Amino acid sequence: MTLSRRALLGSALVTAGGAAAIGFAAARVAPLTADAASPDSGSGAEDVISPFGAHQAGVATPQQRYATFVATDLAAQDAALLRRFLADVSDTVVAIVHGEETPPSPLYPDDAVTPTDYATGLSPSRLTVTTGVGPRVFDLPGISRERPRRLRPLPEFTGDHLDPRWGGGDLLFQICADDPQVVSAAMRALRARMPGYAVIRWTQTGFLTPPKGGGTPRNMFGQKDGTSNPRVGTAQFDDAVWSLPDEPSWFRGGTYLVFRKIRMMTAKWDLTARDEQDAVMGRRRTDGSPLTGKTEFDEPDFEAATAGGEPVIEPDAHIRRAHGVPMLRRSYNYDYGLLTAMAGGSPDPLEHPEDHPHAPGTEEHHHGGHGKLDVGLLFCAYGNDPDRQFIAAQKRLAEQDRLNEFIQHTGSAIFAILPGFGEGGYAGDTLV
């Protein structure tokens, strides 16, 4: 018999060392009710994305403008704890995506926590929260379900500059909406459920704005990003994204997410001639068309040659190296400002200008410090076979891709995105 979320949450919470008893502030978020919304908020049925279904929302959902990714580590090696946490999070998600106040936490007495009113008056703005589990979850005592066949840590690729602070994790929550304050409020609502269950490992926040009239959005290099995505609702999409028949039965309706934080050297890119930029990508920056075509969605002709016999799309062009790998790219831009700050003993430019990394005569001075900016792409690739999709493609790109001169991969993680759930269920109810 399947227990309801309420029954699970009402049971006694057992953790190692009594960790769940630790107190914290702010366990509820103010309601995002349509009734309280202003006439300009655009609140309505179209602003609510149902969390129920065979697949979790946030994968096939039309991409929202803002996202926060939250990776956590479980607070205790306990499958029962994981079950209660997933059920609690699902209760919270069901409430906030419908613009309702979050349910009270079983960890606290009545009225112990006051809502922050942080998102009062805002519509749900197509909010979705998508949950995934990392490879270590299947080492937990009490997890009897078979591990997804293709869930294992990603290898480190040639040229990676990985920072351990931006990788790994037992659980991932992908929070997306068309309003950044709604995303932030949802993050706070989930964070309030974590003590005793999980500890935040890393977060990343991004944005994406489609052009007027719709179309493919642009990344921080000004290039259209996602042109070759399979279209939602097609057999090509289903065959590339949703779990394969040989996966464990509990994982039916799930998928995999490969997450990579990619820093872009925008100063170097901006100093590169337009024709050279187009050659690096194999596409025109103006309209996204391949160098052998006229419109964005024209198939590239890799056999086409110039009058001198040289390939129009060069052998190390990004589009050629990445071609032929169907997966859903659902990425977001990020802009975190300076990569380093004047702190922790960095030289004072007023006292010792000759020692400062931005001093006159240095390359950084010429660039105005732009080379120290941390901007780029939160690359998210959904697919049902990471080995044959992302890993195969990334190996080719690492070997020979001119774009590598302008980017650094600094974060890396993989998660099995749990199947969807129905009313009365919770994300992961087929797992634990």
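**View 1. Residues around the largest pocket of the predicted model.** In this predicted model, 41 residues line the largest pocket, and those nearest its centre are Gly-226, Ser-228, His-318, Ala-322 and Arg-329. The space in this pocket comes to about 970 Å³. Its lining holds 18 nonpolar, 13 polar and 10 charged residues.

**View 2. Helices and strands that line the largest pocket.** Two helices, H7 (318–322) and H9 (387–399), each give at least two residues to the lining. H9 provides the largest share of the lining, with four residues.

**View 3. The second largest pocket.** This pocket has a volume of about 510 Å³. It is lined by 28 residues, and Gln-63, Pro-217, Asn-229, Arg-231 and Arg-329 are the closest to its centre. Strand E6 (328–329) and strand E7 (332–338) are the elements that supply two or more residues to this lining. By type, the lining residues of the second largest pocket are 12 nonpolar, 10 polar and six charged. Arg-329 is listed among the residues nearest the centre of the largest pocket and among those closest to the centre of the second largest pocket.

**View 4. Helix H6 and its buried residues.** Helix H6 spans residues 274–281, and its buried residues include Gln-277, Asp-278, Ala-279, Val-280 and Met-281. Among the elements that cover the buried residues of H6 are helix H5 (266–270) and H7. After H6 comes Gly-282, which has a positive phi, near 85°.

Note on methods
Residues are numbered from 1 along each chain as its sequence is written. This is a predicted model: local features need pLDDT of at least 70, side-chain atom pairs count only at pLDDT 80 or more; totals for chains, interfaces and linings use all residues. Side-chain values use heavy atoms; hydrogens and water are left out. On a 1 Å grid over the protein atoms alone, a cavity is a set of points where a 1.4 Å probe fits but cannot get out, and a pocket is an open set with protein on both sides within 12 Å along at least five of seven lines; lining residues have an atom within 4 Å of a point. Grid points are joined across faces, edges and corners, and a volume is the space filled by probe spheres set on the points. Ala, Val, Leu, Ile, Met, Phe, Trp, Tyr, Cys and Pro count as nonpolar, Asp, Glu, Lys and Arg as charged, and the others, Gly among them, as polar. Buried means under 20% relative accessible area, exposed over 50%, partly exposed in between (1.4 Å probe, protein chains only). Contact means heavy atoms within 4.5 Å.
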